[in-house]
Protein chains: 2
Amino acid sequence: MARFLESGYSGKIYPVNPRADEILGLKAYPNLEAVPGPVDYAILNVPAKLTLQVLEDCIDKGVKIVHVFASGFEETGKEEGKKLQAALSKKTKDGGVRLLGPNCFGIYYPSEGLTFQIKLPRKSGPVAFVSQSGANCIRLVNMASLRGIHFSKVISYGNAADLDAADFLRYLEQDPETEIICCYIEGVRDGRPLFDAARSCAQKKPLILLKAGLTQGGSRAARFHTAADGGSYQVWDAFFKQTGAIEADSLEEMVDLLAAFLHLPTPRGRRVAVVGRGGGTGVLAAEICEREGLAIPSFSQHTLAELERMIPRVGICLNNPVEPPQRSLASVKEFMGWGLELIEKDPQIDIIFVHLFLDIFGPNGSDLEPGLEEVVSKFTGLSTSLTKPVVIVLYPGGRPDTANVVSRARERLFQAGVPVYPSFESAARAVSRYMRYRELFSQKESLNGPSESERRG
Amino acid sequence: MARFLESGYSGKIYPVNPRADEILGLKAYPNLEAVPGPVDYAILNVPAKLTLQVLEDCIDKGVKIVHVFASGFEETGKEEGKKLQAALSKKTKDGGVRLLGPNCFGIYYPSEGLTFQIKLPRKSGPVAFVSQSGANCIRLVNMASLRGIHFSKVISYGNAADLDAADFLRYLEQDPETEIICCYIEGVRDGRPLFDAARSCAQKKPLILLKAGLTQGGSRAARFHTAADGGSYQVWDAFFKQTGAIEADSLEEMVDLLAAFLHLPTPRGRRVAVVGRGGGTGVLAAEICEREGLAIPSFSQHTLAELERMIPRVGICLNNPVEPPQRSLASVKEFMGWGLELIEKDPQIDIIFVHLFLDIFGPNGSDLEPGLEEVVSKFTGLSTSLTKPVVIVLYPGGRPDTANVVSRARERLFQAGVPVYPSFESAARAVSRYMRYRELFSQKESLNGPSESERRG
C-alpha cells in the first residue's frame, strides 16, 4: 500500500484488516463486505492457507480481479500445495472472478502509480513485459531504464492458476500504450491459446520472447519456481518459427533487442559497413557480424574510389571495414560527416556499424571528453538525418580515466535515442534478430494464412 | 621515446636523427654507426620507403632485433608494398638480424618500462599476449587491468615478415614471468611451426587463442590489415582440438577466461550449484549454464534435507538452484557461511555459482552498501577457505542508486582476486572452456604422443 501511495496512485485504496482502524492514514475495514462501493482489484497479501476464504469474500463483493501474492501452492511440489491451487482455480472459475497468480508480484503500471517495488522508475514508456518471474521484471525494467527505455505495463503472473500469458498478450495487442511486447515464460498449461495469441500479436507489434525451462536443470528450476512444465525444445522452436515471435536467450539480449526495435529504422537487408579506428578491432567486428548472420560486403567501386581519394594514407583499412584517417577524435568526427554520408549512399550497404574505442587515443580521458562530446553530438544529429540504420558500438572505457567519460557519453546517446551497445556481439546479435523479424513479416501472406497445423486439421 | 622515458625504462636510449643534436634531453646521433657501443634493439620510426636503407645500417651495426613500426607493405595489397616487404624479409634473413613487424606497435613490457602507449598500466602480471593487432593489445590490456589482471609481456607483431607467433610462443613457453599466454592471430605463413609451438606451449601453460579471419569479411579485413591469409575453419578447428589451445571468440571472452584461469581452483567436473535470490534469476542461470555445457544436478539427499531444515519457508527454490531464505543482504551473507559450506561438501557438486542481484532489494543503494560490503568480505574470505571453485555473478546495478555501489563492490572483489562476472553467459562460458582445458590435459598421454597428422606420416 505504501508503494501505491508513494507512487501517486490516484484511485481509491481500501485497506482491509480485522485488527486495525487506520493504515498509513487511510481508514481500514474489518472485511471486504464493509468496504463502501465497488472494488475492481483486490490484492491478497495473506498466507496461502487463508487465500481461499478471502477469495470467497472477493467473489461475494463482486471484485473483478484478484491478485494472489502468496506462494505455497503447486510450485512446492507437495500434495497440500497442489490441492490448494486446484481449489483456488475451481473457486475462481465458479465465482466468475479473474485471478492473477498465485506466487507473483502482480502489476507495475507506472503511469497509474501501481508498482510492486518502490524503486522501479515512475516514468512510463512503450514497452510491456509479461513475466512469470517478478525478479526478472525488476531486472529487465532496471536494465532497460539505464538505457532510457521505459514500460507501459509489466505483469508478473507466477503460477498462472487462471490468467495466463495468452490473456495478457490478447490485451496488450490492443493496448494503445504498448508498442512492443516482451515475454518471459517458464511453462504454459494450454499451448493453443498462447500460440494463437502470439501469432496474432507478432503481426501487430514486435513480440520478444524468452522461453526458460527447456534444459534439464532449467526445467526442474521452473517446476519449483512456478510449477511450470518447461516443454520441449522442438515444440518451442516450431512455436518461434510459426508465430513470428523473436527469440531472446537472456534478459540482457532482450534489452539489446528493445534498443534496436525502438530506435533503429528497419534495415533493408543484412549487409553491414563497419567504421571505426583500430585495424584489429575492425577485423574482429567483421568476423563477429558474420558469425551472427550479417554480411560484410566490399564497398561499391564509387564508394571505394571516394574513400581512396579522401584517405590517401597507407596503413589504413578501407574496403569495409574502413578506418577514419587519423588516430584522433577530430578525424573520427569529421569522418562521421562525409564518410557516413558516402557509405550510406552505397547500394551494397544496408546498415552502418560505428565502433568507438576511446582507449586507443593517447590523451587523458578528461582531455578527450570535449572531442568525444562532439562525436556524440554528431551521432545524435545523424540518427535523424540518415535513412539507413546506424548502430554505435561504444566500448566501455578500460582505463580508469576513460571509464567515466565513456559512461557519460553512453548516457547522452541513450537519452537521445541512439542505440548504443557495449560490444559487437550484443550489437550484431540484436540487429540480426531484428532483421529476422523484418524478413518474416515481409512475407506477411504466409503468416496471415492458416498455420501448418491448422492446414493439417 | 617519450613513452620509454616516462615509463622509467632503465636501459640506454640512443635517438638517431640526422637533423637533431638532442632529443628530449638525450644526445642524438646522425646515424646508427655513430652510436657508441652495441645496440640490442632498434625501433624504426621511418616511412616504409626508407626502411630498407635503415635496416641495412642496423645489420652493419650488429643490431639483434629491429622493430618496424611503419605500414605500407604487403597489407596494402599493392605491388609496391608487396615488393618492399619481400625485400625486407630477404635482407633480414641475409643479414642475420631478426625483425618484428612491419606494421605493428611492437613491445609492451611494463616491468622494464617498455611500452607503445603511455597510458598502458605500469604494473606487470603473469599474462603474456601475442597479437597481430596493436589496437587489440590496448583493448585486452585495459579490459584486463580493470579486473586487476596485468601483463608480463605484450607483443604486437603485425605482418610477421620474419618473427611470427610460433617464435613468440616458444619464448613465452619458457618465460618465468609468464604463467598464461593469450594470442590473437589473423593468419600464419607456415602452419607447422605454429602447431608444434602451440601444442608444446599448451602442455606447460594455458594458451588462449582468438583466431580471426575465418569468415568472408573477416578474412578480407585481415588481408588488408596484416596481409594475413585467414585460413579455413576446418583446419583451425582441428588445430584447437589437437593442440589443446583454448579457443576464445572475442577479446571480452579472453578476459573472462583469464579471470577463471588465474583465480579459480580447477573444477573437478562440470556439475554446478546455483545460489542466489530471485526465482526467475535462478531458472535462467540454470538454463544458461546448461546451454554452455555445464550440468545442474539435484543436490544429494543429505544436502537437500539440511536445506529443508534450515529454510522452512515456502516460495523458495531449494533443490538447485537454491535461494537464501530472506530477501535481505543479511540473509545472503549468512547463507554464504553455512549454505556454501554445506553445498561444497555435496559430492554431486563441482563448482558453485553465486549470483547477486542488488536491485531486487528494496532499500536505497547507499543503505544497501554496508550489507553488500559484508557479503563481499565474506566472499573474499571464502575464496581462500573453500576448495571447490566459487564463481560470482554480480549483476551490474540497474538503478542509478545501485550502479555505483555495485561497481565499487566489483572493484573490491577484483582486487581480492575473486573472479566476478557481469552475466551468467560470460561466467558459464568461461568456466565451461576452463573445464575443457582440464579435460584435455587429464588425458595427457594422447596429447604428449604424436599428433594425428604425424601418425599418418
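Colleague: How are residues, chains and ligands numbered or lettered, and which pLDDT do local features need?
Modeller: Residues count from 1 along each chain as its sequence is written, while chains are lettered from A and ligands numbered from 1 in the order in which they are written. Side-chain values use heavy atoms, with hydrogens and water left out, and in this predicted model side-chain atom pairs count only at pLDDT 80 or more, totals for chains, interfaces and linings use all residues, and local features need pLDDT of at least 70.

Colleague: How many residues does the contact take from chain A and from chain B, and what area do the chains bury?
Modeller: Contact means heavy atoms within 4.5 Å, and it takes 72 residues from chain A and 72 residues from chain B. Buried area is the accessible area (1.4 Å probe) that two parts lose on being put together, summed over both. Of the area buried between chain A and chain B, 57% is on carbon and sulfur atoms, and the total is about 5,100 Å².

Colleague: Which residues of chain A lose the most area to chain B?
Modeller: Three residues together account for 12% of what the chain A side buries. They are Lys119(A), Arg220(A) and Leu284(A).

Colleague: How many salt bridges and how many residue pairs in polar contact are found between chain A and chain B?
Modeller: A salt bridge is a side-chain nitrogen of Lys or Arg within 4 Å of a carboxyl oxygen of Asp or Glu, and across this interface the rule finds 0. A polar contact is a pair of N or O atoms within 3.5 Å; within protein, one must be able to donate a hydrogen and the other to accept it, and residues adjacent in sequence count only if both atoms are side-chain atoms. With both residues at pLDDT 80 or more, the count of pairs in polar contact is 37.

Colleague: Which element gives the most to the side of chain A that touches chain B?
Modeller: Helices (H or I, at least four residues) and strands (E, at least two) are DSSP runs, numbered from the N terminus. On the chain A side, helix H4 (134–146), strand S10 (207–211), helix H7 (216–226), helix H9 (251–263) and helix H10 (279–291) each supply at least two residues. With 10 residues, the element that gives the most is H10(A).

Colleague: Where does Ser250(A) lie, and which residue of chain B does its side chain meet in a polar contact?
Modeller: Ser250(A) sits in the loop between strand S11 (246–247) and H9 of chain A. Ser250(A) is buried at 5% relative accessibility, where buried means under 20% relative accessible area, exposed over 50% and partly exposed in between (1.4 Å probe, protein chains only). A polar atom of the Ser250(A) side chain lies 3.1 Å from the backbone nitrogen of Glu253(A).

Colleague: Why do the buried residues of H5(B) line one face of the helix?
Modeller: In helix H5 (residues 165–174) of chain B, the buried residues are Ala165(B), Ala166(B), Phe168(B), Leu169(B), Leu172(B) and Glu173(B). An α-helix has 3.6 residues a turn, so residues three or four places apart point the same way. The arc is that of the directions from the helix axis to the C-beta atoms. The buried residues of H5(B) line one face because, seen down the axis, they fall within an arc of 160 degrees.

Colleague: Is Glu173(B) buried or exposed, and which residues is Glu173(B) in contact with beyond its neighbours within four places in sequence?
Modeller: Glu173(B) lies in helix H5 of chain B and counts as buried at 5% relative accessibility. Leaving aside neighbours within four places in sequence, its contacts are Ile181(B), Ala197(B), Ser200(B), Cys201(B), Lys204(B) and Lys205(B).

Colleague: Which residue forms a salt bridge with Glu374(A)?
Modeller: Glu374(A) is in helix H13 (residues 365–385) of chain A, and its partner is in helix H12 (residues 329–344), 41 residues apart. With the closest N and O atoms 3.0 Å apart, the partner is Lys333(A).

Colleague: What is the N to O distance in the salt bridge of Arg270(B) and Glu439(B)?
Modeller: Arg270(B) is in the loop between helix H9 (251–263) and strand S12 (272–275) of chain B, and Glu439(B) is in helix H15 (residues 424–441), 169 residues apart. Glu439(B) counts as partly exposed at 28% relative accessibility. The N to O distance is 2.7 Å.
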